[in-house]
Amino acid sequence: MSQDTRTPEAVGRRRGAATPRKRRRTGRIVLLTLLVLLLAAGGGLYWMYSSIDGNIKAVDINKALGDDRPEKLPTSGQNLLVLGSDSRAGDNADLAGGAVGGGRSDTTLVVHIPEGRTEAVAVSIPRDTLVTRPECVRRDGTTAPSAKRVMFNSVYAQYGSACVAKTVEAMSGVRLDHFMEIDFAGFKDLVDTLGGVTVDVKQPIDDKQSGLHLEAGRQKLDGTQSLAFVRTRHGVGDGSDLGRISLQQQFLTALLTEVKNQDLLSSPAKSYKIADSATKALTTDSELASLTALGDFGRSLNGVDPQNMETIMLPVAYDKIDPNRVVAHEPNASQLWKAIREDAEIPASAKKSPATGG
């Protein structure tokens, strides 16, 4: 799904060739959105923000996952699990679509930063993917046995982020180094703090379930509209989660553009507000759960060139039993995970998905 704007000489270096337009749309979304928002404001200036250090919530992923994990290969680079959670409870209950009960993870990305840290790739896992969930601990402390044909999104709802990490490691064989979760209610506040984000709406969107009604063309979205934009699925494509993934990618690119245009590093007061909003919405693994640690991690990624980043949707096909669900498409999915595990070039075939969401 992802495409490339690099020069012909650069194309052959690592991730394989692709066409320019799609690369521009998806290429910058992950590290320079999640990390620039948290680290550009907090990286060079993080020492100013000790007062908001306590905003960041932590999960001890290593303790939760135990010893039965994929091997950490010497050349495997860094792997970061990113979740966008949508609890529809508390502050989220006041937002469009908040009548839906329970917690969920609407966005799941496995971000791979290869050895040398000059490029990155992010794999989106559709929430409707049927997976085999490993044995996990329930929220009440009891243990649930492994189960097959479980919808990926339900893992977070029933067992929380640690079980999502365990499921991702089991299905991919990729050992996760770090974890970040962003709550969508905080996401809304972040957009409002920025003063809105401008997106190019390709076609009119009329989605009563998400509360989103937009005409085609350039639109400046406030926090509530932005939240509906990344949530909507019935207003785009075939109404499945697959169509929504492209909107999420588009929005995050627009969000990055807005951050860059505001030159937050030259405005400490605005940077503080952004960092405060972002950290209130943030949960990380224990090793990243401070502005100092986030700043150090962000500075270690300074060599990552946005032009060398891409986003790939996990190759999926419509399930033969339930066409409303998808399953990992083989051998493409296995080729993708193998390349990430080994820090190798991703084959073109591993980027192809029979199910596209229209």
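Let's start with E181, which sits in strand β9 (residues 178–183); strands here are DSSP runs of E with at least two residues, helices are runs of H or I with at least four, and both are numbered from the N terminus. This is a predicted model, in which local features need pLDDT of at least 70 and side-chain atom pairs count only at pLDDT 80 or more, while totals for chains, interfaces and linings use all residues. Residues are numbered from 1 along each chain as its sequence is written, and side-chain values use heavy atoms, with hydrogens and water left out.

E181 has a relative accessibility of 9%, so it counts as buried (under 20% relative accessible area; exposed is over 50% and partly exposed in between, with a 1.4 Å probe and protein chains only). Its side chain makes a polar contact of 2.5 Å with that of Y156 (a pair of N or O atoms within 3.5 Å, one able to donate a hydrogen and the other to accept it; residues adjacent in sequence count only if both atoms are side-chain atoms).

## Partners along the chain

Beyond neighbours within four places in sequence, E181 is in contact (heavy atoms within 4.5 Å) with L83, S85, Y156, S161, A281, L282 and T283. S85 belongs to strand β2 (residues 78–85) and is buried at 3% relative accessibility. The C-alpha atoms of S85 and E181 are 6.7 Å apart, although 96 residues separate the two along the chain.
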